[in-house]
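Hi there,

Here is the structure I promised to pass on. My notes on it follow just below.

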Amino acid sequence: MTSTPNFHENRPSRRLLVTGGAGFIGSNFVRYWCTRYPGDRVVVLDALTYAGNRQNLASLVGKENFRFVQGNICDRSLVETLLEEEQIDTVVHFAAESHVDRSILGPSAFIQTNVVGTFTLLEAFRIHWQTLFSVKGGNPQGVFIHVSTDEVYGTLTPRDPAFTEKTPYAPNSPYSASKAGSDHLARAYYHTYGIPTIVTNCSNNYGPYHFPEKLIPLMCINMLLGKPLPVYGDGENIRDWLYVEDHCRALDLVIHRGTPGATYNIGGNNEVKNIDLVRMLCRLMDELAPDLPMRPCEKLIAFVKDRPGHDRRYAIDATKIKTQLGWTPSVTVEEGLRQTVLWYLTHQDWWRPLLSEEYRAYYQQVYGN
Ligand code: NAD
Ligand code: TYD
C-alpha cells in the first residue's frame, strides 16, 4: 500500500528517544521505524495516560533494540538520565494531550504536558547536546523533531488558500494554543542556542490504534455498538485527512533530510466535510459488516450541539516537504478509510477494554448520553 523513503544501505545507526510512543501516531511511528531501521536503538518514554496503551507496542516487546520506559516528560531528571545513559542523538517528540474536546473541559493538563513538558525536554536536550556533542565537535545527525499540528494556524473559510509554513499562528482552542506555545519554544531553541530543532505541522491523522475519542474511531465503534453517531453542528466543518503511515514516512524524511530550524507542513490534500466523511464510513461499514442489526448505519447519524469555538476548515499546503524532501502521500482517503474500518472491525479486543469508566464519564460530559 505504501512506498518508503529510499536511503542508502550504509547509513549510520541512530539512537532515538520517542516520547508519547504508546499513543496513536507515536506507536505507528515506532513500529514503522523498528521495521525499517532494525539497527537503530529506539527508547520510548510515555506516561501511559488514558491515551497511552502498552498493547500498541506489544509486537516490539523483547526486541533487542527496543526499550519502553513509563515516565513523564515533565520529569527532568528522568529525561536527563535517559538522554545520557542511552546516548540519544534523535528526539522524536509526540507526547501530548491531544484532544480538543478534553482541552475545552480541562485545559490545565494541556499546559502542563504540551508547554511545560516540551520545555523540560528541550532544556534537557540542550544540556545533553552541548555537553556530549558540541564538545566532541558536534553530531551531524542529531535532531529534535517536535511533532505538531496544523491547528496552530487557526481556521480557514472555504475560499481561503491552504495553510503554508508562512501562515501566521492563530490558535483557537486550548489544545492548539498549547501546541503553538511549544512550537515557539522549539523554534527559539534553534535560534537562541543552535539546538537542531525541526517543527512539523501535520493535518488530521487516521488509521489503526487511534483512541476512540477522535472522530473516525468513535464513529466506527459507535456503529459496531449500534450507538448514535454524533456530528457536531451542521457537519460542514472540513478537515484534511492523512493516513498515519504517510505521516510516519514524512517524519522519516524530515529526520534524515530536514533542515535544522525549519518547519514543514504535512498534509494529504484530502479535504472532506465531516458529514461526508461520516457517510463514507457508514457505507464502508454496511459493506464490510453486512450482519450488523442497525444497518444502514446512516440511520444512526445524529446532529448534536456544536463544539465551542469549532474551527471551520483546516487545509495544508504541503508543497515545501514535497519539493524539498520528495515526500508524497501514498494512501487515498477511500483506501485508508477502508483499511481503518476493517481494522476496527477485526480488533475489538483492542478497543473494547478502552471503553472504561473514565471513557464513559468523558463521553457523558461531551455528549450527554
Ligand atoms: P495520543 O493522545 O494518541 O497519544 C499521546 C501519547 O502521549 C500517549 O501515549 C500518552 O500516554 C503520552 N503522554 C501524554 N502526556 C504525557 C506526559 N506528560 N509524559 C509522557 N507521555 C505523555 O496523541 P496522537 O494523536 O498520537 O498525537 C501525537 C502527537 O502528534 C501530538 O503531539 C499531537 O499534538 C500531534 N498531532 C496529532 C495529530 C492527529 O491527528 N492525531 C495531527 C497532527 C499532530
Ligand atoms: P477530532 O477527531 O476531534 O479532531 P480535531 O478536532 O483535532 O480536528 O474531530 C474531527 C472533526 O470532527 C472536527 O471538526 C470535530 C468533528 N467531530 C464531530 O463532529 N463529532 C465527534 O464526535 C467528534 C469527536 C468530532
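**Salt bridges around one arginine**

Glutamate 85 is partly exposed, at a relative accessible area of 46%; buried here means under 20%, exposed over 50%, and partly exposed in between, with a 1.4 Å probe and protein chains only. Before going on, some housekeeping: this is a predicted model, in which local features need pLDDT of at least 70 and side-chain atom pairs count only at pLDDT 80 or more, while totals for chains, interfaces and linings use all residues. Residues are numbered from 1 along each chain as its sequence is written, chains are lettered from A and ligands numbered from 1 in the order in which they are written, and side-chain values use heavy atoms, with hydrogens and water left out.

Which residue does glutamate 85 meet in a salt bridge? The partner is arginine 67, at 3.0 Å from N to O; a salt bridge is a side-chain nitrogen of Lys or Arg within 4 Å of a carboxyl oxygen of Asp or Glu. Glutamate 85 sits in helix H2 (residues 76-85) and arginine 67 in strand S3 (residues 66-70), so this pair ties together parts that are 18 residues apart in sequence. Helices (H or I, at least four residues) and strands (E, at least two) are DSSP runs, numbered from the N terminus. Arginine 67 is itself partly exposed, at 26% relative accessibility.

Arginine 67 also forms a salt bridge with glutamate 86, at 2.6 Å from N to O. This pair links distant parts of the chain, 19 residues apart: glutamate 86 is in the loop between H2 and strand S4 (90-93), and arginine 67 is in strand S3. Glutamate 86 counts as buried, with 6% relative accessibility.

There is another salt bridge between glutamate 213 and lysine 214, whose closest N and O atoms are 3.6 Å apart. Both partners are buried: glutamate 213 has a relative accessible area of 2%, and lysine 214 is at 17%. Through shared partners, salt bridges also join Arg15, Arg41, Arg67, Glu85 and Glu86 into one network. Over the whole structure, the search finds 19 salt bridges.

**The chain as a whole**

The chain has 12 helices and 13 strands. Its radius of gyration is 20 Å, close to the 21 Å that the globule rule gives for 369 residues, so the chain is as compact as a globular protein of that length. That radius is taken over C-alpha atoms, and the rule is 2.2 Å times the number of residues to the power 0.38. Along its principal axes, the C-alpha trace spans about 65 × 45 × 40 Å.

Of the 369 residues, 56% are buried. Taking contacts (heavy atoms within 4.5 Å) between residues at least 6 apart in sequence, 82% join residues at least 24 apart.

**The end of the chain**

Is asparagine 369 buried or exposed? Asparagine 369 is exposed, with a relative accessible area of 55%, and its place is in the segment after helix H12 (357-367). Asparagine 369 touches Tyr363 and Gln364, leaving aside residues up to four places away in sequence.

Best wishes
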